[in-house]
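This briefing concerns aromatic side chains and their contacts. The structure is shown first, and the points follow by topic.

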Amino acid sequence: MSGPPEAEFFLVRRRDLERLTTEVMQMKEFLPQILSQDVLESVQRLEVVESALEERELDCEHIAARLQATQTECLRTKEENLALLLQVSALQERSVQQVDFCTQMGSAVCTLLWGVSNKEETVKSILGMDTTAEFFSLAGQTVSNFVESLAVNQDEDSEESRFALALAGTITNVAAVSCGRDFLMSSCRELLEKWIQLLGKIGAGTCGRLRVLILMSLYNVSIHREGLVWMSRSMGLLSQLQQLLTDPDNEVRLHALRLIQSLVLEPDVLHMLWEDVQQCLPHITELSRTAKSEVQNMAVEILEELRGLMVEG
């Protein structure tokens with residue numbers, strides 16, 4: 001077995017040790033003079049940079065931790081948003097289904113109402129309810145919304161179209177009864193004003209059945225003396241009818257002529273409308289020459305009545 005290593009010693013002469021000590025002291029004394037000021041400043045700057053680097057490393061660690069936390073939060077938010085989007089999509093689909101159901105139900109109910117309202121007893125029952133005026137107001141707004149939607153989808157053969165037709169048909173049937181005309185004039189003039197506006201909003205050659213029903217309901221109201229006077233004072237009615245005389249739909253032209261005839265039968269009303277009637281005369285005269293069947297006959301009849309009224313006047 002080998003024992004622990006023995007310590008090694010060197011003998012140094014005192015004179016050599018003193019010389020070594022002297023040399024070390026001299027180096028400490030002259031070293032600052034040997035090194036330049038730039039080197040010292042560089043060393044100091046290096047120490048500052050190293051200190052700043054340590055601080056930046058700490059900052060980076062902090063930012064990295066915050067970044068990881070933010071990424072985790074973003075991921076959680078994305079998952080929540082996705083869940084919300086799925087809920088919104090489901091709600092939208094359910095809303096569309098509910099709207100379709102309500103439209104179908106409204107169309108079916110109003111079609112039934114249109115059918116039964118052709119009897120005077122039914123109209124009297126309708127007018128005796130507390131919500132009748134509100135129903136007519138909603139009916140006018142619904143038909144108006146339908147007409148405005150045509151500019152977007154141009155779908156006239158739809159459940160919405162049947163809904164609008166049923167509402168207009170019901171109002172036409174109500175206006176065909178004396179008590180119905182009284183009610184419309186006393187409580188639903190806003191509806192009648194909307195009816196006149198719609199005649200100008202509906203494009204030529206479109207929604208023929210709806211325009212015919214509107215014209216028929218206005219014609220029925222014109223049988224009412226108060227309704228006739230009110231309509232004669234309605235700005236723009238005859239100008240709307242004048243436009244309808246050039247419509248490609250034969251039924252629209254016929255019922256426009258019927259309403260014009262009803263308006264001009266009374267001499268005092270004709271006097272108030274004479275300037276507007278003169279604007280319509282060229283179109284009526286043209287129809288009396290070129291139109292077919294009922295339209296031509298109605299135009300001829302109106303011209304003869306106007307001649308008779310002018311002779312009497």
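Phenylalanine 135 is partly exposed in this predicted model, with a relative accessible area of 26%. A search of the whole structure finds 2 aromatic pairs. Phe135, Phe136 and Phe183 together make up one aromatic cluster.

**The tilted pair**
- The ring centres of phenylalanine 135 and phenylalanine 136 lie 5.7 Å apart, and their planes meet at 50°.

**The edge-to-face pair**
- Phenylalanine 136 also pairs with phenylalanine 183, at 5.9 Å centre to centre and with 70° between the planes, an edge-to-face arrangement.
- The pair connects distant parts of the chain, since phenylalanine 136 belongs to helix H4 (residues 132-153) and phenylalanine 183 to helix H6 (residues 178-187).
- Phenylalanine 136 and phenylalanine 183 are 47 residues apart.
- Phenylalanine 183 is buried because its relative accessible area of 16% falls under 20%.

**A charge over a ring**
- The charged end of arginine 258 is positioned over the ring of tyrosine 219.
- The distance from this charged end to the ring centre of tyrosine 219 is 4.1 Å.

How values were computed. Residues numbered from 1 in each chain as written. Predicted model: local features only at pLDDT ≥ 70, side-chain atom pairs only at ≥ 80, totals over all residues. Heavy atoms only, no water. Phe/Tyr/Trp six-rings, centres within 6.5 Å; stacked < 30°, edge-to-face > 60°. Buried < 20%, exposed > 50% of the residue type's maximum accessible area, 1.4 Å probe, protein only. Helix = DSSP H or I, 4+ residues; strand = E, 2+ residues; numbered from the N terminus. Lys NZ or Arg CZ within 6 Å of the ring centre and 35° of its normal.
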